[in-house]
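Q: I am new to this structure and would like a close look at one part of it. Please keep it brisk, and then show me what surrounds that part.

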Amino acid sequence: MATTEALDRAFHLVLQGFVERGTGLHYTELARQMGRTPEEGRTLMHDLMASGIPAWLHPSTELIASFAPFNALPTHYRVVVDGKPNGYAQCGFEVLAVSWLFPGRTVRVDAPCLDCGEPLHVTMRDGELLEAEPKGLVGYVSLPMREWRPDLAFA
């Protein structure tokens with residue numbers, strides 16, 4: 001198992017990759033940035049994913065599928081930063097965490113309502129909600145939180 005310091009650094013680099021380009025790093029990129037061999041990077045990536053954070057690899061691959069608050073695969077929650085697409089949020093609640101990763105920048109997330117299909121929009125800056133449409137927008141989950149972990153890969 002990797003050291004806490006290595007896991008912290010890997011976490012930061014993977015999250016930074018999502019912020020800068022809207023997708024995660026491959027383990028070989030992680031290895032290069034940390035001055036390690038590709039095999040050490042692969043092991044570190046697996047250790048990071050096994051650490052209990054809300055993140056996982058796409059089944060039977062070495063590719064990041066999700067890394068809260070982002071998702072590498074298309075989801076309903078499209079993230080736009082300063083008018084430019086920047087990937088996808090992991091889930092409807094993670095949408096609210098995305099803006100903290102872009103200080104001073106305007107973050108908009110667009111999604112269809114999963115109940116009726118109508119468009120939803122949330123605009124934030126520095127964690128402050130600037131706009132939410134429709135007015136009175138709320139989040140709802142029909143599954144108790146204690147049962148979320150087994151379904152994270154399908155959120």
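Leaving aside its neighbours within four places in sequence, which residues is Ile64 in contact with?

A: Ile64 is in contact with Val14, Phe18, Gly24, Leu25, Met45, Met49, Trp56, Leu57, His58 and Ala72, once neighbours within four places in sequence are left aside. Contact means heavy atoms within 4.5 Å.

Some ground rules come next. This is a predicted model, so local features need pLDDT of at least 70 and side-chain atom pairs count only at pLDDT 80 or more, while totals for chains, interfaces and linings use all residues. Residues are numbered from 1 along each chain as its sequence is written, and side-chain values use heavy atoms, with hydrogens and water left out.

Now the core. Ile64 is among the residues with the most contacts inside the largest nonpolar core, which has 35 residues. Val14, Leu30, Leu44, Met45, Phe67 and Val107 are also on that list. A nonpolar core is a set of buried Ala, Val, Leu, Ile, Met, Phe, Trp, Tyr and Cys residues joined through side-chain atoms within 4.5 Å. Buried means under 20% relative accessible area, exposed over 50%, and partly exposed in between (1.4 Å probe, protein chains only). In soluble globular proteins, nonpolar side chains tend to be buried together.

α1 gives the most to this core, with eight residues. Helices (H or I, at least four residues) and strands (E, at least two) are DSSP runs, numbered from the N terminus. α1 has 18 residues and reaches 26 Å from first C-alpha to last, close to the 26 Å expected at 1.5 Å a residue. The expected span is 1.5 Å times one less than the number of residues. The buried residues of α1 include Val14 and Phe18, both of them contacts of Ile64. Cover for the buried residues of α1 includes α2 (27-34), α3 (38-49), β2, β3 and β5 (84-89). Gly22 follows α1, and its phi is positive, near 80°.

Met45 and Met49 are buried residues of α3, and Ile64 is in contact with them. Gly41, Leu44, Asp47 and Leu48 of α3 are buried as well. What covers the buried residues of α3 includes α1, α2, β1 (55-57) and β2. The twelve residues of α3 should span 16 Å at 1.5 Å a residue; the end C-alpha atoms are 17 Å apart, which agrees.

Back to Phe18, for the aromatic rings. The structure holds four aromatic pairs. Rings of Phe, Tyr and Trp (its six-membered ring) pair if their centres lie within 6.5 Å; planes under 30 degrees apart are stacked, over 60 edge-to-face, and the rest tilted. Phe18 and Phe67 form a stacked pair, 6.4 Å centre to centre with 10° between the planes. This pair links distant parts of the chain: Phe18 is in helix α1 (residues 4-21) and Phe67 in strand β2 (residues 64-67), 49 residues apart. Phe18 is buried at 0% relative accessibility, and Phe67 is buried at 1%. Phe70 and Phe102 form an edge-to-face pair, 6.4 Å centre to centre with 85° between the planes. Phe70 lies in strand β3 and Phe102 in the loop between α4 (95-98) and β6 (107-112), so this pair ties together parts 32 residues apart in sequence. Phe70 and Phe102 are both buried. Phe11, Phe18, Phe67, Phe70 and Phe102 form one aromatic cluster.

Asn71 touches Phe18, Ala65, Ser66, Tyr88, Ala89 and Gln90, not counting residues up to four places away in sequence. Asn71 sits in strand β3 and is buried, with a relative accessible area of 5%. A polar contact of 3.3 Å joins the side chains of Asn71 and Ser66. Such a contact is a pair of N or O atoms within 3.5 Å; within protein, one must be able to donate a hydrogen and the other to accept it, and residues adjacent in sequence count only if both atoms are side-chain atoms. The Asn71 side chain also reaches the backbone nitrogen of Leu73 at 3.1 Å.

Last, the whole chain. The protein chain has four helices and eight strands. Of its 155 residues, 39% count as buried.
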